[in-house]
Amino acid sequence: MNNSKAAPLSEIRANARETMLENPYSPVVVAFLFFMIKFALTGCSLFFTLGEDLWMQWAAKIGNLLIDVFIGLFVMGRVKYFTVLCEGKEKASINLLFSAFRSGPDRVLFASLFFEGISFVFSIPAFIYSLYYPLSFGKTKEMLIAFAILFAGSLCSFLVYLFFMPLYYVMGDFPNMSFSKSLKMSVWLMKGNHLRYLGLCISLVPLMILGIVSFGIAFFWISPVLQSAYAHFYLDLIKQKQAKQV
């Protein structure tokens with residue numbers, strides 16, 4: 001009889017820590033490079049903040065969206081690196097961070113646009129509210145309402161993301177699979193695992209808080225642990241489905 005039982009979250013976190021203990025240097029380098037690239041590209045978005053009229057603000061939001069979509073190429077590379085690292089079947093090269101540029105960048109850009117589009121759509125209500133009610137420290141009521149709208153939008157965006165969490169991993173593992181089929185496979189892999197992934201994210205919050213209180217410095221070590229945990233979660237999803245099919 002095949003065992004298709006999901007691994008406990010404690011085991012996934014333990015596997016992530018073990019991966020980092022076995023590879024203490026290169027994951028930190030990848031995390032640092034990813035941060036520097038994202039920081040540089042995000043800095044370019046300041047160009048779109050010029051102007052205060054409504055059309056310029058919409059142009060700024062769309063410009064920032066396009067930059068975030070491009071950053072998705074590096075997100076894909078980071079996913080590929082940590083998947084290879086956690087599988088342990090081959091050496092994970094730092095060059096994998098740039099692998100999306102060499103293998104189906106159009107598919108990756110579609111995936112990035114898909115995720116950013118979800119966030120963009122759910123951020124529109126808060127953006128529109130801020131246009132009509134500009135925030136200031138003296139407007140407590142308006143700030144609370146804006147925060148509530150922003151939080152609701154972020155929550156809805158995350159709940160939708162739960163259905164497609166493995167998308168980048170699937171695209172990395174199956175480079176010849178079409179974008180639409182990758183979406184369907186992601187939904188299939190996550191079926192029955194939404195609460196598990198939510199539980200994993202919640203269990204990693206203390207690490208994120210540690211990164212914040214360290215003024216971001218600890219994130220160069222914490223980020224690889226988080227990425228390893230997500231990669232091990234994906235590998236466990238694959239293991240579950242394979243066991244059920246045998």
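Student: What kind of crossing does α1 make as it passes α8?

Tutor: In this predicted model, α1 passes α8 in a right-handed crossing. The contact itself is made by L9, I12 and R13 of α1 together with R196, G199, L200 and S203 of α8, and these residues divide into 3 nonpolar, 2 polar and 2 charged.

Student: What makes α4 roughly antiparallel to α5?

Tutor: The axes of helix α4 (residues 105-132) and helix α5 (residues 140-161) come within 9 Å and cross at roughly 165 degrees. Since the cut-off for roughly antiparallel is over 145 degrees, the crossing at roughly 165 degrees makes α4 roughly antiparallel to α5.

Student: Which hand does the crossing of α4 and α5 have, and which classes of residue make the contact?

Tutor: The crossing of α4 and α5 is right-handed. Among the residues in contact are F115, I118 and F122 of α4, and I145, I149 and E142 of α5; by class, the contact has 13 nonpolar, 3 polar and 1 charged residues.

Student: How do you know which residues lie nearest the centre of the largest pocket, and how many line it?

Tutor: The largest pocket, with a volume of about 1400 Å³, is lined by 33 residues, of which K38, R78, Y161, Q227 and Y230 lie nearest its centre. A residue counts as lining if it has an atom within 4 Å of a point of the pocket. The elements giving two or more residues to this lining include α4, α5 and α8, and by class the lining has 21 nonpolar, 8 polar and 4 charged residues.

Technical notes: Residues are numbered from 1 along each chain as its sequence is written. This is a predicted model: local features need pLDDT of at least 70, side-chain atom pairs count only at pLDDT 80 or more; totals for chains, interfaces and linings use all residues. Side-chain values use heavy atoms; hydrogens and water are left out. Axes are lines fitted to C-alpha atoms, for helices over the stretch in contact, and angles run from 0 to 180 degrees between N-to-C directions. Helices (H or I, at least four residues) and strands (E, at least two) are DSSP runs, numbered from the N terminus. Angles under 35 degrees count as roughly parallel, over 145 as roughly antiparallel, 65 to 115 as roughly perpendicular and the rest as oblique. A crossing is left-handed if the near helix is turned anticlockwise from the far one by less than a right angle, and right-handed if clockwise. Contact means heavy atoms within 4.5 Å. Ala, Val, Leu, Ile, Met, Phe, Trp, Tyr, Cys and Pro count as nonpolar, Asp, Glu, Lys and Arg as charged, and the others, Gly among them, as polar. On a 1 Å grid over the protein atoms alone, a cavity is a set of points where a 1.4 Å probe fits but cannot get out, and a pocket is an open set with protein on both sides within 12 Å along at least five of seven lines; lining residues have an atom within 4 Å of a point. Grid points are joined across faces, edges and corners, and a volume is the space filled by probe spheres set on the points.
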